Amino acid sequence: ATPEVAKWLSLGPQSTVVRLEVLRKADGRPLSRSTSWFPAERFQRIDEAFSRTGSVTRAFKEFGVEDYLRTVTEISATHAEPDDVGHLALTPGAIVLVTRALNTDMQGLPIQYAVTRFPADRVEFTISN
């Protein structure tokens with residue numbers, strides 16, 4: 001784990017994590033690109049479970065996590081990185097909305113840290129509580 005990932009997942013500096021890259025599309029157009037990290041000790045093959053199920057929530061269930069909470073979501077905007085320009089079919093200089101999110105199990109243990117990039121001109125966020 002990088003220092004940032006270890007901090008978000010409350011892991012030690014040399015901890016192993018599983019990294020999952022996902023590109024989501026709507027009507028054939030790229031809508032988001034996410035990078036998620038999971039503590040490897042608990043979720044060693046979650047990438048395979050995700051490949052089978054197409055869902056992090058269903059993959060978690062294969063590891064005994066029946067429910068979980070989104071405990072933090074940070075939203076910012078920045079210019080798209082070169083990789084995101086290509087994967088999200090953007091023009092250089094395009095703006096992306098970036099979410100950094102932490103999911104925890106029902107006991108409060110971090111189970112997923114995710115950074116998701118969205119083309120700013122294709123999405124709108126509504127947050128209500």
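In this predicted model, E21 and R33 form a salt bridge in which the closest N and O atoms are 3.9 Å apart. The two residues belong to distant parts of the chain, with E21 in strand β1 (residues 17-26) and R33 in strand β2 (residues 29-39), 12 residues apart. R33 is buried, its relative accessible area being 11%, whereas E21 has a relative accessibility of 36% and counts as partly exposed. Because a salt bridge requires a side-chain nitrogen of Lys or Arg within 4 Å of a carboxyl oxygen of Asp or Glu, the 3.9 Å between E21 and R33 falls inside the cut-off.

E21 also forms a salt bridge with R19, where the closest N and O atoms are 2.5 Å apart, and R19 is exposed, with a relative accessible area of 52%. Through shared partners, salt bridges join R19, E21, R33, D84 and R117 into one network.

A further salt bridge brings together the side chains of E4 and R100, with an N to O distance of 2.8 Å. This pair likewise links distant parts of the chain, since E4 lies in helix α1 (residues 3-8) and R100 in strand β4 (residues 95-105), 96 residues apart. Both partners are partly exposed, E4 at 38% relative accessibility and R100 with a relative accessible area of 27%.

The pairs described here are listed below; a search of the whole structure finds 8 salt bridges.

| Salt bridge | N to O distance |
|---|---|
| E21 and R33 | 3.9 Å |
| R19 and E21 | 2.5 Å |
| E4 and R100 | 2.8 Å |

Note on methods
Residues are numbered from 1 along each chain as its sequence is written. This is a predicted model: local features need pLDDT of at least 70, side-chain atom pairs count only at pLDDT 80 or more; totals for chains, interfaces and linings use all residues. Side-chain values use heavy atoms; hydrogens and water are left out. Helices (H or I, at least four residues) and strands (E, at least two) are DSSP runs, numbered from the N terminus. Buried means under 20% relative accessible area, exposed over 50%, partly exposed in between (1.4 Å probe, protein chains only).
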